[in-house]
Amino acid sequence: MIFCLSTNHAVGATVLLAAAALVTGWPESQALDTTLTVSERAQADNDNAEWPFHGRTHAEQRYSPLRQISPDNIQRLGVAWLHSLNAYRGLEATPIIIDRVMYLTGNWSRVYAFDAATGQRRWMYDPEVPGKWGRNGCCDVVNRGVAVWRDRVFVGTFDGRLVSLDARTGKLIWEINTIDRALPYTITGAPRVVRDKVIIGNGGSEFGVRGYVTAYDAYSGNQVWRFYTVPGSPSGPFKHPELEMAAKTWSQNGAWRQTGGGGTVWDSIAYDPELNLLYVGTGNGHPHARHVRSPGGGDNLFLSSILALNADTGRMVWYYQTTPADSWDFTATQSIILADIEIQGEIRKVLMQAPKNGFFYVLDRTTGELLSAKNFVTVNWASGVDLQTGRPVETGLGDYSKQDRLVYPSELGGHNWHPMAFSPRTQLAYIPALEMPWVHSPTDSYLFDIGVPHIGELERGQPTVDRGGYLRAWSPVRQKLIWQVKLPSLINGGVLVTGSDLVFQGTQDGFLHAYDAVGGRRLHSVFVGVGIIAPPVTYSVAGTQYLAVLAGFGGATHFMLAESAAARRYENDGRIIVFKLDGGPVPLPPRIPYHKPRLTTAAPDKSREIEEGKALYVQHCGFCHGMSGSVPLLPDLQRVPEMGYEAFRAIVLDGALAPRGMAGFDDSLSETDVKLLFRTIAIGAHNPPTHQSTP
Ligand code: CA
């Protein structure tokens, strides 16, 4: 699994010289020097008061040493300030706090700057993403945050631009296009800045694009290097030498030749300044099914992999593929955390990841050597990971090329993008874990409980699992579950851990919870009225510790609104909420009438025509409006019959609501298709009966 390439020094040197020439022409910034690593800054300013990088430091541990808010006084937590972002879809960003200013992103890649102590708004920047780009996203019009460096703010926009803003004013400095605009690329991940370069990837694997990650010069926006995660062609020419090796792991033919293969770098990036290595997680393949994507075998490098790249040149130093020839949407884009931990009496520089495939990995981050791997959720597709070969040992229970299979974990993963945290004090990782299977079939795939008539048969002989969402404290040293909390719904927020041994996590039912990091006891809960999927952060200004979190439910799983979801009772009014000790009460959003999950009761219409309508729905509508029925967070499709065909046609075909995010589909649907869709939705046939309720 380990592969080393000699670094191409000649290319690297040219690039560095070009960057150096630009550096000398640049006026010195008045702002805090954020080019320093956090350990360097900590020496100069040892209160560690800020949250300057996505995971607070380049190691991405999401650990803050602050201790003013503690188990002894957590009951006194109250609101310092709060702002509604007028966003009613998912909020996923990690706020960045530098020099008393908080920078964050909302829907449609909008950027906001607030005074971190008073909440006074400094500025807002709207990149004006075209509403019609909404249809290019699998997983809502979300954004996971900015990078701040010197006096600049960087954001990747949903329509594939990288934007540089003046941190003081929010005014545009430059913007560049990072994608082929004819293809459904999106950017939802946060950029990272290392050594004067902005690193950004993209999303789009669900719709068939070719993944890559790019470094741009932070001053000029000029491209420095780009690493493709998929070869493009089995026979070359290859954009960089690593792809020649990768090409041998793909078939000559297969769907990947048409779709680009996937493998997008849509979220996790970490950096070790000592080794000068960037660690990048790559996504699933497209299409998901290996027997369709690349028939005849092969690992399909670099899908579902962790790549260690030289930050200056983009050349690969090692890779580790978590799921060779992935067939289940098992991305390796989940949190990558770096730490130095003691393993068998020796301090090792490790990299940790709990990707979707259900195994917790500990790798040597210098060499990529697999040190240990153990499943942190129920897994049936593999019996374990062979430490000699580094490969999962497949059981065959995940092979759906010829028959339906119930596979653990689900396509949502044992852990999705919601960040985990690691405390150097407790030596534990805190994972938002998901216990759920999924039904894969040779022709389609389903949420495990929706419209699968023979589900009982598939469940026979499978492990008994208490399905749902968990917060799990995991020891990477012992590869063992230390404590866990079962949560009332499957999808919840990311995690923060602090120097006072407090673990914070928000939940879909609208709470922010604090736990004892050592034993897992729930110490305090605050009801905020809005579902939380984002990770909390903490920082200190003028001696006061603050705790901030974005609340706003949505994202990939916006259509899986739990019965307990806050969004069924309160307006899903997205907001930044900042707490401190002895703050005020939490202002709640307006109440709404309770939305009971609505499912059709009509006898299923199995006519060929309606089956065609359902196929159109799944292909063109389901990613946003829900594969299993209407989404309470978007306009209710069950009102389509009241709307009438002409209005439906104006929206779906002509794009009447495109500025509001509902694109027209006149490039891919005919009048006949739209009539068929109207009929299918009007009788509720897009909305199959549920087998049992999803937690
Ligand atoms: Ca995916």
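How many aromatic pairs does a search of the whole structure find? It turns up 27 of them. Keep in mind that this is a predicted model.

Let me walk you through a couple of those pairs. A pair of aromatic rings is described by how far apart the centres are and by the angle between the planes.

Start with Trp 149 and Tyr 219. Their ring centres are 4.9 Å apart and the planes sit at 75°, and since over 60 degrees counts as edge-to-face, that's what we call this pair. What I like here is that the pair links distant parts of the chain. Trp 149 is in strand S7, residues 147-149, while Tyr 219 is in the loop between strand S13 (212-217) and strand S14 (223-228), so to speak 70 residues apart. And are these two buried or exposed? Trp 149 has 2% relative accessibility, so it counts as buried. Tyr 219 has 7%, so Tyr 219 counts as buried too.

Next up, Trp 483 and Tyr 515. Here the centres are 6.1 Å apart with the planes at 35°, so this pair is tilted. Trp 483 belongs to strand S31 (residues 480-486) and Tyr 515 to strand S34 (residues 511-516), so the pair ties together parts that are 32 residues apart in sequence. Again, both Trp 483 and Tyr 515 are buried.

Now for a group of rings. Tyr 320, Trp 328, Phe 330, Phe 359, Tyr 361 and Trp 381 form one aromatic cluster.

Arg 135 lies over the face of Phe 665, 4.1 Å from the ring centre. Over at Tyr 470, the charged end of Arg 472 sits over the ring, 4.3 Å from its centre.

How values were computed: Residues are numbered from 1 along each chain as its sequence is written. This is a predicted model: local features need pLDDT of at least 70, side-chain atom pairs count only at pLDDT 80 or more; totals for chains, interfaces and linings use all residues. Side-chain values use heavy atoms; hydrogens and water are left out. Rings of Phe, Tyr and Trp (its six-membered ring) pair if their centres lie within 6.5 Å; planes under 30 degrees apart count as stacked, over 60 as edge-to-face and the rest as tilted. Helices (H or I, at least four residues) and strands (E, at least two) are DSSP runs, numbered from the N terminus. Buried means under 20% relative accessible area, exposed over 50%, partly exposed in between (1.4 Å probe, protein chains only). A charge sits over a ring if NZ of Lys or CZ of Arg is within 6 Å of the ring centre and within 35 degrees of the ring normal.
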